[in-house]
Amino acid sequence: MREFDYQRAFDVPGAVALLGADPDARFLGGGTNLVDLMKSGVERPGRLVDVRELPLDLVEPTPEGGLRIGATVTNSDLAVHPDVRRRYPALAQAVLAGASGQLRNMATVGGNLLQRTRCGYFTDLAQPCNKRLPGSGCPAVEGEHHNHAILGASAHCVATHPSDMAVALAAFDAVVSYETADGEGELALADFYLPVGDTPHRETALPPGALITGVTLPPSPVAAVSRYRKVRERASYAFAIGSLAAALDVQDGVVREVRLAFGAVASRPWRARTAERALTGRPASAEAFAAAADAELGAAEVLPHNGYKVPLLRNLVVAVLTELTEEAAR
Ligand SMILES: Cc1cc2nc3c(=O)[nH]c(=O)nc-3n(C[C@H](O)[C@H](O)[C@H](O)COP(=O)(O)OP(=O)(O)OC[C@H]3O[C@@H](n4cnc5c(N)ncnc54)[C@H](O)[C@@H]3O)c2cc1C
Ligand code: SF4
């Protein structure tokens, strides 16, 4: 591992100034992803700026009736917060579905959003990888890709984003706040992750040197009837091979509002807006749920070994929306 300088920041302007314009410096959250990547040589920062002492560790109500989540709130604290559990249950479930208790105690909200793909070629320095080394190629397209993307990918990269938390945040229209030396800024989660195109190494729309300061959830009554369902290859401590965050408002048997976001199918959380439009105003039935899923998944482009994700997501949509319909009727 390359030798690096370590500094701890105690306020937001100080953290931004310590990082400066140095392309070799990185913010350090819980370190649960960054330190692994440093050990494998994928990341070789010359300086780490530790952000864990920043005063960004609170979950607070906003005046509009939403929630503001600080960037250094740990995954564990986020998952047990009473307002999150009551008003955005799918978010608490998504966070709890990720990693292990020890990792969640360390991992932060900012770091979770920026964690890197688990594509095996990305972390294997002996292999080409367009995301790690632009222009070197993508061996996953013809190689091991059983857990790679079926939506929004390109021939340059078919990796998926691994975060569970971000999938629920996408369903609830979260907004990411950041700060740079030029001041504060905001990005809707829908615009936070960039399309893959021919630049898979450019993953977010954050400006260079930006410190994520928090995430805001707008008020959302539909979010109170929500669920996160994750499918993985073993019962715990594994990344998703497909997941769904869903929220549903049904009145008199008709879908008034629905939120759907898919995980582990694209380079970013995939908000299923085509399916949402197809369902709104329709009877809440298994047939309508399946038709809406098919409308979204019609855009899927599968590789030889990841086509199973299409029926997997379709079944998730039908099962979870059926459960939420029954829950709303109680
Ligand atoms: C064995 C294992 C299993 C896991 N399973 C899952 C899983 O099932 N689901 C899941 O979602 N996740 C899983 N994870 C990933 C884990 O959730 C992430 O590693 C974690 O959320 C990253 O948070 P962190 O604070 O440790 O980030 P770090 O590792 O500290 O940082 C990650 C990146 O974010 C940047 N960063 C950190 N904070 C900020 C900030 N405030 N502003 C700007 N940049 C910042 C860092 O510079 C770095 O580039 C797993 C991890 C491991 C090791
Ligand atoms: S899928 Fe993306 S991350 Fe994986 S090898 Fe291809 S370019 Fe690299």
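Which residues make a nonpolar surface patch of about 320 Å²? M1, F4 and Y6 do.

## About the model

The model is a predicted one, where local features need pLDDT of at least 70 and side-chain atom pairs count only at pLDDT 80 or more, while totals for chains, interfaces and linings use all residues. Residues are numbered from 1 along each chain as its sequence is written, chains are lettered from A and ligands numbered from 1 in the order in which they are written, and side-chain values use heavy atoms, with hydrogens and water left out.

## The patch at the start of the chain

Let's stay with that patch for a moment. Patches are built from residues with over 30% relative accessible area and no salt bridge; like charges are joined within 9 Å, and nonpolar side chains (Val, Leu, Ile, Met, Phe, Trp, Tyr) within 5 Å. The areas come from the Shrake-Rupley method with a 1.4 Å probe, and for residues only the protein chains shown count as cover.

M1 belongs to the segment before β1 (5-8); helices (H or I, at least four residues) and strands (E, at least two) are DSSP runs, numbered from the N terminus. With a relative accessible area of 62%, M1 is exposed. On this scale, buried means under 20% relative accessible area, exposed over 50%, and partly exposed in between (1.4 Å probe, protein chains only).

## Around ligand 1

Ligand 1 is surrounded by 32 residues, the closest being F27, T32, L34, T108 and D164; a residue counts here if one of its heavy atoms lies within 4 Å of the molecule. By class, 14 of the shell residues are nonpolar, 13 polar and 5 charged. In this scheme Ala, Val, Leu, Ile, Met, Phe, Trp, Tyr, Cys and Pro are nonpolar, Asp, Glu, Lys and Arg are charged, and the others, Gly among them, are polar. At least two shell residues come from each of β2 (25-28), α2 (34-40), α7 (109-114) and β8 (211-217), and α7 gives the most, with 4 residues.

Now for the polar contacts, which are pairs of N or O atoms within 3.5 Å; within protein, one must be able to donate a hydrogen and the other to accept it, and residues adjacent in sequence count only if both atoms are side-chain atoms. An N or O atom in the side chain of T32 is 2.7 Å from an oxygen atom of ligand 1. A polar backbone atom of L34 is also 2.7 Å from an oxygen atom of the ligand, and a polar side-chain atom of K230 lies 2.8 Å from a ligand oxygen. Of the 980 Å² of accessible area that ligand 1 has on its own, the protein covers 92%.

## Buried residues

Helix α5 (residues 89-96) is mostly covered, with 6 of its 8 residues buried: P89, A90, L91, A92, A94 and V95. S226 itself is buried, at 3% relative accessible area.

F122 sits in the loop between α7 and α8 (165-171) and is buried, with a relative accessible area of 1%. Its C-alpha atom is 6.2 Å from that of R132, 10 residues apart along the chain. A292, in helix α11 (residues 286-297), is buried too, at 1% relative accessibility. From C-alpha to C-alpha, A292 and S267 are 22 Å apart in space and 25 residues apart in sequence.

## Salt bridges

Counting a side-chain nitrogen of Lys or Arg within 4 Å of a carboxyl oxygen of Asp or Glu as a salt bridge, the total is 19. One of them pairs D5 with R47, with the closest N and O atoms 4.0 Å apart. This pair links distant parts of the chain, with D5 in strand β1 and R47 in strand β3 (residues 47-50), 42 residues apart. D5 is partly exposed, at 37% relative accessible area.

E327 and R227 form another, with their closest N and O atoms 2.3 Å apart. E327 lies in helix α12 (residues 309-329) and R227 in strand β9, so the pair ties together parts 100 residues apart in sequence. E257 and R259 meet in a salt bridge of 3.1 Å, N to O. Salt bridges with shared partners join D173, E257, R259, R271, R273 and E276 into one network.
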